[in-house]
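Good morning, colleagues. Please turn to the sequence and the structure on the screen, and I shall take you through them part by part.

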Amino acid sequence: MTMKKTAAILIAGIMMAAMGTSTFAAVPANTQAPKTTQTAQVKAADTSEPHADLQKKYENEEYLNVDELETKIDSITDSSLKKSLKKLLKAYKKALSAESKALSKSSSSETTLATLHQAVMNARNQLVNALTAGNIAPAPYMTKIE
């Protein structure tokens, strides 16, 4: 892996960790953290694809439907909440994209894939927590990969 790619992955991880300290990172006392993990949208794995074993492992996980969620966020009238949710949604989409690209490359290491998957889970959980804090139920925007 090139030094540039390694640096980009480390920066993405640091950004995700830093976002964990945002005002939306804490789960309100009356809510539970999501019970499922998250991954990039991938089709059911077949053995001809790179990392088919990981894709198979992730295929029953829930993810947020970014298109529907984006529509919901656009309809929010509270500009501060809207701005925060858009920022978290953007981070989530970037994490999904990075993981999806890495899964499609046979040269991606297991460590890199695990780091990217953790970044997706962190971004997803922060977005879910922010939605909950903003009195928006995340459940209607969650779905499983098919």
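Predicted model: local features only at pLDDT ≥ 70, side-chain atom pairs only at ≥ 80, totals over all residues.

Which residues of helix 3 are buried? They are Val66, Leu69 and Ile73. Here, buried means under 20% relative accessible area, exposed means over 50%, and partly exposed lies in between, with a 1.4 Å probe and protein chains only. Viewed down the axis of helix 3, these buried residues fall within an arc of 65 degrees, so they line one face of the helix. That arc is taken over the directions from the helix axis to the C-beta atoms. An α-helix has 3.6 residues a turn, so residues three or four places apart point the same way. On the other side of helix 3, Asp67 and Thr71 are exposed.

Residues are numbered from 1 along each chain as its sequence is written, and side-chain values use heavy atoms, with hydrogens and water left out.

Now the overall arrangement. The chain contains 5 helices and 2 strands, in the order α-α-β-α-α-α-β along the sequence. Helices (H or I, at least four residues) and strands (E, at least two) are DSSP runs, numbered from the N terminus. Of the 146 residues in the chain, 36% are buried.

Let us return to helix 3. Its buried residues are covered by elements including strand 1, helix 4 and helix 5. Its N-terminal end is capped by Asn65, with a side-chain oxygen 3.2 Å from the backbone nitrogen of Asp67. That is a polar contact: a pair of N or O atoms within 3.5 Å, where, within protein, one must be able to donate a hydrogen and the other to accept it, and residues adjacent in sequence count only if both atoms are side-chain atoms.

I turn next to the core. A nonpolar core is a set of buried Ala, Val, Leu, Ile, Met, Phe, Trp, Tyr and Cys residues joined through side-chain atoms within 4.5 Å. The largest one has 21 residues, and those touching the most other members are Leu64, Leu69, Leu85, Leu89, Tyr92 and Leu127. Strand 1 (62–64), helix 3 (66–74), helix 4 (79–104) and helix 5 (110–133) each supply at least two residues of this core, and helix 4 gives the largest share, 7 residues. Leaving aside residues up to four places away in sequence, Leu127 touches Leu64, Leu69, Leu85, Leu88, Leu89 and Tyr92, a contact being heavy atoms within 4.5 Å.

How does the span of helix 4 compare with what its 26 residues should give? At 1.5 Å a residue they should span 38 Å, and the end C-alpha atoms are 37 Å apart, which agrees. The expected span is 1.5 Å times one less than the number of residues. At the start of helix 4, a side-chain oxygen of Asp78 comes to within 3.0 Å of the backbone nitrogen of Ser80.

Finally, helix 5. Thr115 is found in this helix, and its side chain reaches the backbone oxygen of Thr111 at 2.9 Å. Thr115 is partly exposed, at 36% relative accessible area. Asn135 follows helix 5 and lies in the loop between helix 5 and strand 2 (142–144). Although Asn135 is not a glycine, its phi is positive, at about 60 degrees. Most residues other than glycine have a negative phi. Asn135 is exposed, with a relative accessible area of 74%.
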